[in-house]
Amino acid sequence: MALAYLTEEVHISVVALAISMYLSGNTIGGMSGRILATILAGEFGWRNAVLIIGIESLILGLVFWKLFPESKFFNPQKTDYSLKVKQMRKFLTDSYMLRLYCIAALLMGTFVSVYNYLTFRLEDQPFSLSHFVIAFIFLMYIFGVFGTMITSRLSKRFSRNLILKGSVLFMFSGTLFLLSENIYVVIFGLGLFTLAFFAAHTMASQMTALHAKQGKSSATSIYWLFYYFGSSILGSGTGYILHAFSWTVFITVLLFSVGISFVLAARNRDLGTFKVL
């Protein structure tokens, strides 16, 4: 809904920047939430951590409800559910959109897998880090903010699909670094991995919103549906792989997912109907 709101309310010349800033906020929230949750869970137990985060979320939701500006360019209409179904069917049979949706699922699943299970890797040998130190490794999310902003600037000079493919390649490289047993190499790899993921996610979500001439809310809702399918299915499934095998096998599966994403991105052509001014 937020992406649909931005594409309707923001001038087309700055919509890419607006989406980048929105996703930067997502990044900051993800970072602060993981740091807060890790510290609170380590100090007070996971139940109290969940309670505190729930209260915080309620307060922020009320603030958002009170302060968020009303739409100026949206005209409410009676919902035609049959039309919505047709729009969604159209997007799900559009090879361009379907590839973007699969990219979203695979990359988000890979991202969540790394941040879900890297903690256990760093607690174990040869790193043996405390939960307090591990919490601040999530400051790597800051590189995600850089990724979204860099993407906004690069989109003025290069094609979106080229940026998407480049971001996926950098994400693949960052994942490889996570195989190292040197903590500095791992931190570098995590920073590169995070920057590249948010750059790729920003570009894929922009491409989705801009490709949908009609039914933007339907197009972006499917994008986020696939995005969180990847988060839940791949993000949890890889945990079983790590438990059953090893960190090396776990990373190999993630590399395979990122590799498939690159192949899908390579098959998409660039849109020639929109240019950031």
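Modeller: Helices here are DSSP runs of at least four residues, numbered from the N terminus. Please keep in mind that this is a predicted model.

Colleague: Thanks! Let me try that numbering: in which helix is Ser 231 found?
Modeller: Ser 231 has contacts beyond its sequence neighbours within four places, and these are Met 108, Gly 109, Val 112 and Ser 236. As for its own place, Ser 231 is found in helix H10.

Colleague: Does Ser 231 count as buried or exposed?
Modeller: Buried means a relative accessible area under 20%. The relative accessibility of Ser 231 is 17%, so Ser 231 counts as buried.

Colleague: Let's go inside. Which element gives the most residues to the largest nonpolar core?
Modeller: That core has 63 residues, and those with the most contacts inside it include Leu 107, Phe 111 and Tyr 115. Several helices give two or more residues to the core, among them H2 (15-44), H8 (160-177) and H9 (183-211). The top contributor, with 16 residues, is H5.

Colleague: Now the rings. How many aromatic pairs does a search of the whole structure find?
Modeller: Some of the rings join up through their pairs: Phe 111, Tyr 115, Phe 193, Phe 197 and Phe 198 are linked into a cluster. Over the whole structure, the number of aromatic pairs found is 17.

Colleague: Are the rings of Phe 177 and Phe 188 stacked or edge-to-face?
Modeller: Phe 177 in helix H8 and Phe 188 in helix H9 are 11 residues apart, and their pair links distant parts of the chain. Planes over 60 degrees apart count as edge-to-face. With ring centres 5.3 Å apart and planes at 80°, the pair is therefore edge-to-face.

Colleague: And what about Trp 224 and Tyr 228: stacked or edge-to-face?
Modeller: Both of these residues lie in helix H10, four residues apart, which is about one turn of the helix. Planes under 30 degrees apart count as stacked. The centres of the Trp 224 and Tyr 228 rings are 6.0 Å apart and the planes are at 25°, so this pair is stacked.

Colleague: Let's look at the backbone. Which two residues does a cis peptide bond join?
Modeller: Most residues other than glycine have a negative phi, and most peptide bonds are trans. In the loop between H5 and H6, Ser 128 has a positive phi of about 55° although it is not a glycine. Pro 126 is also found in the loop between H5 and H6. With omega about 10°, the cis peptide bond joins Gln 125 and Pro 126.

Colleague: Last stop, the surface. Which helix gives the most to the nonpolar patch?
Modeller: The nonpolar surface patch covers about 900 Å², and its residues include Phe 132, Val 133, Phe 146 and Leu 162. Two elements give two or more residues to the patch, helix H6 (131-137) and helix H7 (142-154). Val 133, found in helix H6, is partly exposed with a relative accessible area of 42%. The helix that gives the most, with five residues, is H7.

Definitions and conventions. Residues are numbered from 1 along each chain as its sequence is written. This is a predicted model: local features need pLDDT of at least 70, side-chain atom pairs count only at pLDDT 80 or more; totals for chains, interfaces and linings use all residues. Side-chain values use heavy atoms; hydrogens and water are left out. Patches are made of residues with over 30% relative accessible area and no salt bridge: like charges are joined within 9 Å, nonpolar side chains (Val, Leu, Ile, Met, Phe, Trp, Tyr) within 5 Å. Accessible areas come from the Shrake-Rupley method with a 1.4 Å probe; for residues, only the protein chains shown count as cover. A salt bridge is a side-chain nitrogen of Lys or Arg within 4 Å of a carboxyl oxygen of Asp or Glu. Buried means under 20% relative accessible area, exposed over 50%, partly exposed in between (1.4 Å probe, protein chains only). A nonpolar core is a set of buried Ala, Val, Leu, Ile, Met, Phe, Trp, Tyr and Cys residues joined through side-chain atoms within 4.5 Å. Contact means heavy atoms within 4.5 Å. Rings of Phe, Tyr and Trp (its six-membered ring) pair if their centres lie within 6.5 Å; planes under 30 degrees apart count as stacked, over 60 as edge-to-face and the rest as tilted.
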